[in-house]
Amino acid sequence: MKKALILGLLILICSSADWAQKNERALNEIVSAEQAFAQTAAEKGTKAAFLEFVAPEGIVFANDKPENGREVWEKRTANHSLLAWQPTLADVSADGDLGYTTGNWEFRSKGATDAPVAWGEYFTIWRRQPDGKWKFDLDIGIRHESAPVVKNAWKSSAIKSTAQSADIKNRVQILEKQFELSLAENGLVKTYEKFASAEIRLLRENQMPINGRKNAVQWVKNQNATMKTSFLGGSASRSEDLIYTYGEYELTAKDGKILDKGYFTRVWKYEPKGLRLVIDLAYPPPPPQK
């Protein structure tokens, strides 16, 4: 009996070690894919890079609304502008099939020798394809004040999730419905207090990244507003420990004035206390050109 218990324990330890190594490899693969994506943009142009790394059903917000990325970029004319970026944060699902990266970007309208004219933070969802390569499911970003592109300084989440049982059908849509109902019943601040991870990162237009639950909740509180959201789409890892969603949002002041509206992207991660919000991005499309 003792030998059987010891053998079982050794198998469990080895399995855990194998899982950790597999997870770490997947994380490094995602970061490498992101870096290769940026390098391809520098060498071959932004259009060529997006067409190489977008998944068949990948979503971009390049025309100020969610559209099929391949269709969008196939219609674009290649030019000499340079969009440069590097990951500063990355994470991957428990079984290594879905992950994300985020970091800063800068845009040079005439190429590498030109001065940057715009800066911001990008966010990309990556999925392993049937052939083992990584392509992006969704790519979006926001603008903020001048900031240099960070080189080779990425980190991963300190909170490691584990696979949960797939016991709820349509988990993705149900999750967003819970968030939407909480906004209506409890308000914006209490909803973020309830769902925000300790590691949450808020990405908002014209704001540097807002990191950590305390800072995020305080920022939301300062808005003194209500929010409505409408789910449009999303997906989950096979283990359902990492989920991304996107949709429409509207932020309204107490007097009924619309402060902000556009599209959101969120990432939910399974932590010891359940699914928690780790990435929350709000993208307000620019006003139409006159």
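Before going on, a word on the source. This is a predicted model, where local features need pLDDT of at least 70 and side-chain atom pairs count only at pLDDT 80 or more, while totals for chains, interfaces and linings use all residues. Residues are numbered from 1 along each chain as its sequence is written, and side-chain values use heavy atoms, with hydrogens and water left out.

A pocket here is an open set of points on a 1 Å grid over the protein atoms alone, where a 1.4 Å probe fits, with protein on both sides within 12 Å along at least five of seven lines; lining residues have an atom within 4 Å of a point. Its volume is the space filled by probe spheres set on the points, which are joined across faces, edges and corners. Of its 14 lining residues, Arg204, Trp219, Gln223, Leu251 and Asp260 are the closest to the centre. Which element gives the most to this lining? That is α6, with three residues.

Now the largest pocket, which holds about 900 Å³ of space. It is lined by 34 residues, and the closest to its centre are Ala62, Trp73, Arg76, Leu83 and Trp105. Strand β6 supplies the largest share of that lining, five residues. By class, the lining has 19 nonpolar, seven polar and eight charged residues.

Let's step back to the whole protein. Its secondary structure comes to six helices and 13 strands; these are DSSP runs numbered from the N terminus, with helices being H or I of at least four residues and strands E of at least two. Of the 290 residues, 49% are buried, meaning under 20% relative accessible area with a 1.4 Å probe and protein chains only.

What about the cores? A nonpolar core is a set of buried Ala, Val, Leu, Ile, Met, Phe, Trp, Tyr and Cys residues joined through side-chain atoms within 4.5 Å. The largest has 26 residues, and those touching the most other members are Phe179, Leu188, Tyr192, Ile200, Leu202, Ile243 and Trp268. A second, separate core of 25 residues includes Leu27, Phe50, Val72 and Ala118.

Next, strand β1, residues 54-60. Five of its seven residues are buried, so β1 is largely enclosed by the rest of the structure. It runs parallel to β6, residues 134-144, with three bridges joining them; strands count as paired if DSSP finds at least two bridges between them. β1 also pairs with β2, residues 67-68, in the antiparallel sense over two bridges. Valine 60 has a partner in each: aspartate 139 in β6 and glutamate 67 in β2. In the hairpin of β1 and β2, with six residues between the strands, aspartate 64 takes a positive phi near 70 degrees.

Methods
Buried < 20%, exposed > 50% of the residue type's maximum accessible area, 1.4 Å probe, protein only. Nonpolar A, V, L, I, M, F, W, Y, C, P; charged D, E, K, R; others polar.
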